[in-house]
Amino acid sequence: MAWRELGRKSIYASVSRILTSKAFRDTALSSNLLSASVGRVKGYTSNSALLGDDTLSCLKNRFLIRRFHATPELLKGRDDDVVGLQKPKKGKFKKKPAKGTPPVDTPYVPPKLQTNGKSTSEKTIEIFDGMTTVELAKRCGQSVATLQNILVNVGEKVASEFDPLGIDIAELIAMEVGVNVKRLYSYEGSTVLPRAPVVTVMGHVDHGKTSLLDALRQTSVAAKEAGGITQHLGAFVVSMSSGASITFLDTPGHAAFSAMRARGAAVTDIVVLVVAADDGVMPQTIEAMSHAKAADVPIVVAINKCDKPASDPERVKVQLAAEGLPLEEMGGDVQVVEVSAVTKKGLDKLEEALLLQAELMELKARVDGAAQAYVVEARLDRGRGPLATALVKAGTMVCGQHVVVGSEWGKIRAIRDTAGKLTNKALPAMPVEIEGLKGLPMAGDDITVVDAEERARMLSAGRKKKLEQDRLRKLNEENIAAAEKKKKKEQDRLRRLNGEEVSDSETEEEEFTRIELPIIVKADVQGTVQAVTDSLKTLNSPQVFVNVIHVGVGAICQSDLDMAQATGACIVGFNVRAPPTSLTLAAAQANIKIKLHRVIYHLLEDIGNFIVEKAPGTYETEVAGEAQVLNIFELKGRSKARGADVKIAGCRVMDGHVSRSCTMRLLRSGEVMFEGCCVSLKRETQDVETVQKGNECGLVLRDCFDFQIGDVIQCLHQVNKKPKFISSESGAVRIEC
């Protein structure tokens with residue numbers, strides 16, 4: 001506003017002098033010089049011109065005066081202004097009056113971030129070949145500019161935001177953003193032909209799954225299995241008598257191999273549920289049914305061992321119906337076939353049922369273009385390197401293609417069928433073994449064919465980075481949860497010290513001295529490594545924490561020994577060859593335990609007993625024996641040198657034994673009257689340490705003089721109770737404290 005421009009105050013002072021002189025005022029008014037400046041004169045307000053007061057009585061034409069608009073507060077302050085340059089007045093510094101109430105000291109609480117829906121790391125989006133940058137940005141929840149910057153970083157051209165992207169580039173961008181992806185493939189314009197069905201054989205351990213497969217393909221695999229049970233996930237192609245071929249997946253039945261059964265149900269078309277006619281429905285039978293229902297896969301029931309005298313197929317059918325399985329005989333759609341792997345009875349009916357179910361499903365697959373495959377199992381061969389057993393889902397896999405398998409990549413060097421013969425290509429529903437990978441993939445990974453080696457490297461590096469980020473995030477969450485739990489325990493302890501009450505729910509967890517047992521796991525294949533690791537983690541208890549610090553596929557080597565020596569770990573080898581003598585001697589010198597097993601039962605039992613030995617245990621008070629007071633003797637008038645008067649309880653040991661070093665408890669009518677230590681224990685005239693059941697003795701308790709005939713004296717001692725290793729019939733194991 002104009003009044004704040006101090007440089008013009010001299011002009012307004014001149015105007016004021018003109019207005020005070022009559023001669024100058026008449027001259028100025030006649031030439032209209034004051035029309036723009038008169039609003040600055042002292043005493044002038046906007047109401048002066050409107051109300052017609054005498055402030056501007058010198059002006060002839062008041063309503064033609066140009067006025068500056070201002071707020072009422074500013075106009076009010078004008079009346080106090082003095083025309084001309086004024087020096088600011090120096091006043092004394094005045095302290096602000098102190099407030100009556102002191103400020104409240106409250107800690108700063110940072111605002112919580114508002115997140116919509118899932119976090120980025122838990123978000124999964126669907127991608128497909130040909131999607132645009134705009135569509136990918138919407139699904140990722142990021143701006144188009146952000147995705148275009150990522151495109152530049154991965155070496156791609158940035159054109160229009162509506163240009164199509166390749167499915168590999170879309171996955172790279174999504175991983176850089178931090179979201180999980182699910183690939184969608186289109187069969188439009190592809191050659192689609194019928195394919196063989198993929199059948200997974202599932203059921204409880206020792207119900208004859210592998211024997212049934214041997215009868216179908218006329219082999220004897222079950223006889224070669226360690227311990228007579230299947231411990232791997234196998235894939236076979238069986239040519240049936242009708243000329244059709246069926247791909248079978250054989251799954252283990254032990255409780256430790258639950259993840260293998262879940263993988264088998266995820267890639268199959270039909271599930272054959274094998275139930276022993278003489279054993280009935282068991283825990284792994286119910287678990288197999290749940291896996292099949294979760295994967296939305298049809299079930300065909302094969303009641304095996306019908307040749308045995310104790311077999312009862314009707315009882316098995318009733319049990320299956322009670323578990324919610326709709327059988328055909330009871331108005332459902334699940335076929336039931338009675339078979340025998342020994343006499344080969346009913347195998348033709350089982351083949352008929354499988355082919356009928358496959359015909360109803362109209363199974364077809366794309367045969368041209370890049371292959372899509374699934375890793376059934378992975379192992380490390382000493383001469384050929386990492387090998388992956390894969391099941392082709394669509395397309396054709398050819399030697400020389402670059403593939404990305406999980407977070408590993410490689411160029412297919414050779415393809416072998418289930419018989420071990422080399423082949424140039426693999427068609428849909430065909431299990432093959434591929435070699436040429438740079439690293440060992442995980443069982444259950446998808447195989448993706450890419451155009452060039454550079455693209456394979458980039459996808460592999462991006463997936464490894466994403467896996468490491470997820471691992472660190474999970475570790476950070478666990479650390480935060482542990483810190484919060486520790487903080488809560490400390491707060492509860494302080495509250496108890498202050499005399500505050502703590503609820504029972506907060507103190508119900510019993511405090512144990514928990515020790516850590518580090519373990520290194522080595523196995524023959526990747527799926528077995530996962531099964532053994534998961535089983536060992538189920539052996540965690542409040543006293544012992546099983547920490548699997550390293551897992552690997554292959555034989556035990558020097559690096560495993562070095563890691564075990566640095567961490568104090570125990571090495572567990574499953575289905576691997578024995579280490580060389582030099583390694584065995586070095587392990588013995590370093591006091592490192594190496595446990596080798598070929599059967600999962602023996603492995604879990606051995607590790608369970610080892611955990612029980614390592615557990616510190618808990619000390620509990622137990623009654624070692626009881627004695628009844630028959631008579632009371634008093635020794636009075638003793639000298640000062642020999643001590644005060646003494647009361648002796650003459651007792652007979654009714655149960656157990658009484659020891660001098662133990663704590664004694666005096667009971668009267670079931671009520672505790674006294675608890676303390678024993679000063680003297682005599683049998684006849686001799687001091688003894690222990691008195692057994694049926695003998696009489698004399699007892700003197702420190703500071704206890706209130707004995708009565710008929711009282712019961714209990715002998716208490718501390719017992720260290722170790723946890724127990726419990727194994728169920730189904731193979732499930734646990735440590736019970």
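**View A. Glutamate 453 is partly exposed, with a relative accessible area of 34%.** Here, buried means under 20% relative accessible area, exposed means over 50%, and partly exposed lies in between, using a 1.4 Å probe and protein chains only. You are looking at a predicted model, in which local features need pLDDT of at least 70 and side-chain atom pairs count only at pLDDT 80 or more, while totals for chains, interfaces and linings use all residues. Residues are numbered from 1 along each chain as its sequence is written, and side-chain values use heavy atoms, leaving out hydrogens and water. Which residue does the side chain of glutamate 453 meet in a salt bridge? The partner is arginine 457, at 2.8 Å from N to O. A salt bridge is counted when a side-chain nitrogen of Lys or Arg is within 4 Å of a carboxyl oxygen of Asp or Glu. Arginine 457 has 47% relative accessibility, so this residue also counts as partly exposed. Both residues belong to helix α13 and sit four residues apart, about one turn of the helix. Helices (H or I, at least four residues) and strands (E, at least two) are DSSP runs, numbered from the N terminus.

**View B. A salt bridge joins glutamate 171 and arginine 463.** Side chains of opposite charge can pair when their charged atoms come close. In this pair, the N to O distance is 2.8 Å. Glutamate 171 is in helix α7 (residues 167-177) and arginine 463 is in helix α13 (residues 453-497), so the bridge ties together parts 292 residues apart in sequence. Are these two residues buried or exposed? Glutamate 171 is buried, with a relative accessible area of 4%, and arginine 463 counts as buried at 14% relative accessibility.

**View C. Arginine 652 and glutamate 696 meet through their side chains in a salt bridge.** The N to O distance is 2.6 Å. Distant parts of the chain are linked here: arginine 652 belongs to strand β25 (residues 646-659) and glutamate 696 to strand β30 (residues 696-701), 44 residues apart. Arginine 652 counts as partly exposed at 32% relative accessibility, and glutamate 696 is partly exposed with a relative accessible area of 45%. Elsewhere, salt bridges that share partners join Arg379, Asp381, Arg384, Arg413, Arg416, Glu433 and Glu435 into one network. How many salt bridges does a search of the whole structure find? The search finds 32.

**View D. An open sheet is formed by four strands in the order β21-β20-β22-β23, with parallel pairing.** Its edge strands are β21 (544-553) and β23 (594-597), each pairing on one side only. From one strand to the next, the twist averages 25 degrees. Two strands pair if DSSP finds at least two bridges between them. Strand β20 (residues 515-523) runs parallel to β21 and is joined to it by nine bridges. To locate this pairing, look for proline 518, which stands opposite asparagine 547 in β21. Helix α15 (residues 526-537) packs on the sheet, touching β20, β21 and β22 (570-574), and its direction makes about 175 degrees with that of β21. Contact means heavy atoms within 4.5 Å. Axes are lines fitted to C-alpha atoms, for helices over the stretch in contact, and angles run from 0 to 180 degrees between N-to-C directions. Another helix, α18 (residues 600-614), lies across β20, β21, β22 and β23 at about 155 degrees to β23.

**View E. Glycine 527 is found in helix α15.** With 1% relative accessibility, glycine 527 counts as buried. Follow the C-alpha atoms to methionine 442: this residue and glycine 527 are 85 residues apart in sequence and 7.6 Å apart in space.

**View F. Strand β19 (residues 446-450) is largely enclosed by the rest of the structure, because four of its five residues are buried.**

**View G. Tyrosine 185 sits in the loop between β2 (180-184) and β3 (192-194).** Its relative accessibility is 40%, so tyrosine 185 counts as partly exposed. Tyr185, Tyr187 and Val192 make up a nonpolar surface patch with about 260 Å² of accessible area together. Patches are made of residues with over 30% relative accessible area and no salt bridge, with like charges joined within 9 Å and nonpolar side chains (Val, Leu, Ile, Met, Phe, Trp, Tyr) within 5 Å. Accessible areas come from the Shrake-Rupley method with a 1.4 Å probe, and for residues only the protein chains shown count as cover.
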